Amino acid sequence: VTQAAGRHTSLTFTTGVRPGGKWWLRVLFWAGRRIPAVAQPLVPLRVIHHARWTLLERLDGRVLDPPVLLFESDFDVDLEQYIDTFAEVLTWRMRSVWSTSYANPGLIPTDQFHAWVMQHEAAPGHFYSAFPECTVDRIVESLDLAADLDAFVASSRGIDDADAFAAAYRRFLAEVQACL
Amino acid sequence: VPLISPRVPRDSTGVVTNATVLLPVAGGRRAELDEAFVGLNDDQGSLFRRVPSVHTARLEVLDSLPAASTHAATVPVDPPHLLFGMTFDGRFADVVATMCTQIGPALAAVWRCAAGCPNIDDVGAVTQWLQHHRVPAALPFSTRAASVHDIRAAVAARDRLRAFVVRAQSMTNAELFAAFRQEIG
């Protein structure tokens, strides 16, 4: 069972990595950290707040066989929509990560992948989000708008005439309308 | 988008830092954890709201781990492990110190179920214990590159401007000028 805080859903799941898979994942994750183009397609989706992949090869000093790929994420939609979105937009990226895992049923159809994720979820305990009612969209738009507003306040400070200010204000609103 | 990212610590996306801590559950205390999780909420929600630099926090239990099998099987992990994950701003030690101060008793009830938990009043020992069990992320990702403080300020600014825009619709230019200067800046 995934956990929720307001509009946010949290997911934690583990999969067993096949022999050789950990080397591929090391390369892939190194590339993801150093080459922005690898993870960049996740940004415009505006669904994920945070996500992280962790490769566990030891637990309390004991070697894990198989190594475990731990995935933690929090996002705006429910799990089914989340997987559907990823499968549609990031098909090859998802395959390149989870095809290294045992018992991966394949990405499409997504209902089998969804069932596989559910089988490997951690037992829920507690989940907190600082912005439970804010979607990624709202947060990104707010950050953009706040920067634009600061710039407008600074640039309009020299305007003393009410009519000139009103014209500048209306131009500003037209520019930021999408973020309001 | 640059071709190559600047080198940053493995648990950081530049602004937001990630931490995943895996703590072995002490013998016979697995059942206590579920009760302790409930204590992390009060009538206003999660107690983590008192820790201002935390974006998200999760506490979960890994009772089983995947087996080396093509049949989606899992095997019990002995002992089960408590997973404590966070995304936060600033230094791990500072966040842990704030947690111990602000929500110490409720967190202690959870952490005490893990083997080797030090006294919650000894912040240095707690930080060291958590750090010892911390596992580095292979790849962290955040859509938003901003601190909790900056996000709160931006959301508040947007709400303030939206409210102002609605009220300003019926203002004359002179009224608009004066009201904007007074309310927005």
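I started with helix 1 of chain B, residues 30-38, in this predicted model. Which of its residues are buried? I found Leu33(B), Ala36(B) and Phe37(B). They span an arc of only 100° around the axis, so they sit on the same side of helix 1 of chain B.

I then turned to the face away from the buried side. There I noted the exposed residues Ala31(B), Glu35(B) and Val38(B).

What do the buried residues of helix 1 of chain B pack against? From chain B I listed strand 2 (41-42), strand 4 (54-66), strand 5 (74-88) and helix 2 (92-111). Chain A contributes its strand 5 (123-129).

Next I checked the backbone. Most residues other than glycine have a negative phi, and most peptide bonds are trans. I looked for exceptions.

I noted a cis peptide bond between Ile108(A) and Pro109(A), with omega about 5°. Pro109(A) lies in the loop between helix 4 (91-98) and helix 5 (110-119) of chain A. In chain B, the bond from Asp78(B) to Pro79(B) is cis, with omega near 0°. I placed Pro79(B) in strand 5 of chain B.

Then phi. Asp60(A) is not a glycine, yet its phi is positive, about 50°. I located Asp60(A) in the loop between strand 3 (48-59) and strand 4 (62-75) of chain A. Is Asp60(A) buried or partly exposed? Its relative accessible area is 37%, so Asp60(A) counts as partly exposed.

Ala103(A), also not a glycine, has a positive phi of about 65°. I found Ala103(A) in the loop between helix 4 and helix 5 of chain A. Its relative accessibility is 13%, so Ala103(A) counts as buried.

Key:
Residues are numbered from 1 along each chain as its sequence is written. Chains are lettered from A and ligands numbered from 1 in the order in which they are written. This is a predicted model: local features need pLDDT of at least 70, side-chain atom pairs count only at pLDDT 80 or more; totals for chains, interfaces and linings use all residues. Side-chain values use heavy atoms; hydrogens and water are left out. Buried means under 20% relative accessible area, exposed over 50%, partly exposed in between (1.4 Å probe, protein chains only). Helices (H or I, at least four residues) and strands (E, at least two) are DSSP runs, numbered from the N terminus. The arc is that of the directions from the helix axis to the C-beta atoms. Contact means heavy atoms within 4.5 Å.
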